[in-house]
Amino acid sequence: MKKQILIIALLLGGFTLPTYAQVEVGVNLHMQPVWGPVGYDHAEYYYIPDIDVYYNIPRREYTWNEGGRWITDIMLPERYATYDLYHAYKVVLNEPNPWFHHDRYHRQYIGFRGRHDQEIIRDSRDSRYYMNPGHPEHRTYMHDHRDQPRDHGRDWEIHRDNQRQDEHREIRRDDRQDNRRDEHRDNKRDEHRDDRKDRGDRH
């Protein structure tokens, strides 16, 4: 009888443990941006109906349609450079390359355009979001869990990659501003040259 009970216990343990491990591995709260919506332990993509843009959470990249072609970049297109992601409505999608089904998602979520009632991770007081490095209470989380074993190497890789992408964004943003200034200066120079030419023709 004891042997039967032991066998049953082992079988039950064998069936339940992998499920628990799978759930833990799938959690990526620490990778989701603080402007992302609460309520999702795992999220791969956001679809933003306001601007018809997809955001790849692990890679921190945006994808949008430009003249019939899908463009992917670490920054939003220039026309959305001032778009407020914190107040935008985001739809969580967990499938690869969701823009392949863009017509379906566009029709399904077009009614969410202009909605700004979604709670975001940054503003959540749920302690499970404190593990996110961008959350205001992340220091509290680190202090409370200082004695627990952690994968410091993996944490450092995530921090390093995020820092590199942030630096790349700043460089790209500065380059865009420099290009706009150069373009403005060239236009002014051309206008000045044309004015002098017109005055010379009149004389």
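Predicted model: local features only at pLDDT ≥ 70, side-chain atom pairs only at ≥ 80, totals over all residues.
Residues are numbered from 1 along each chain as its sequence is written, and side-chain values use heavy atoms, with hydrogens and water left out. Local features need pLDDT of at least 70 and side-chain atom pairs count only at pLDDT 80 or more, while totals for chains, interfaces and linings use all residues.

Q: Where does Arg60 lie?
A: Arg60 is not a glycine, yet its phi is positive, about 55°. Helices (H or I, at least four residues) and strands (E, at least two) are DSSP runs, numbered from the N terminus. Arg60 lies in the loop between strand 2 (53-56) and strand 3 (61-66).

Q: Is Arg60 buried or exposed?
A: Buried means under 20% relative accessible area, exposed over 50%, and partly exposed in between (1.4 Å probe, protein chains only). The relative accessible area of Arg60 is 18%, so this residue counts as buried.

Q: What is the phi of Asn97?
A: Asn97 is found in the loop between strand 5 (91-93) and helix 2 (102-109). Its relative accessibility is 29%, so Asn97 counts as partly exposed. Although Asn97 is not a glycine, its phi is positive, at about 50°.

Q: How many salt bridges does the count come to?
A: A salt bridge is a side-chain nitrogen of Lys or Arg within 4 Å of a carboxyl oxygen of Asp or Glu. One of the pairs is Arg104 and Glu95, at 3.5 Å, N to O. By this rule the count comes to 8.

Q: How many residues apart are Glu66 and Arg79?
A: The side chains of Glu66 and Arg79 form a salt bridge at 3.1 Å, N to O. This pair links distant parts of the chain, with Glu66 in strand 3 and Arg79 in the loop between strand 4 (69-73) and strand 5; the two are 13 residues apart.

Q: Why does Arg79 count as partly exposed?
A: Its partner Glu66 has a relative accessible area of 36% and is partly exposed. Arg79 counts as partly exposed because its relative accessibility is 47%.

Q: Which residues are joined into one network with Arg128?
A: The side chains of Arg128 and Asp126 meet in a salt bridge at 3.0 Å, N to O. Arg128 is partly exposed, with a relative accessible area of 33%, and Asp126 is partly exposed at 33% relative accessibility. Through salt bridges that share partners, Arg128 is joined into one network with Asp41 and Asp126.
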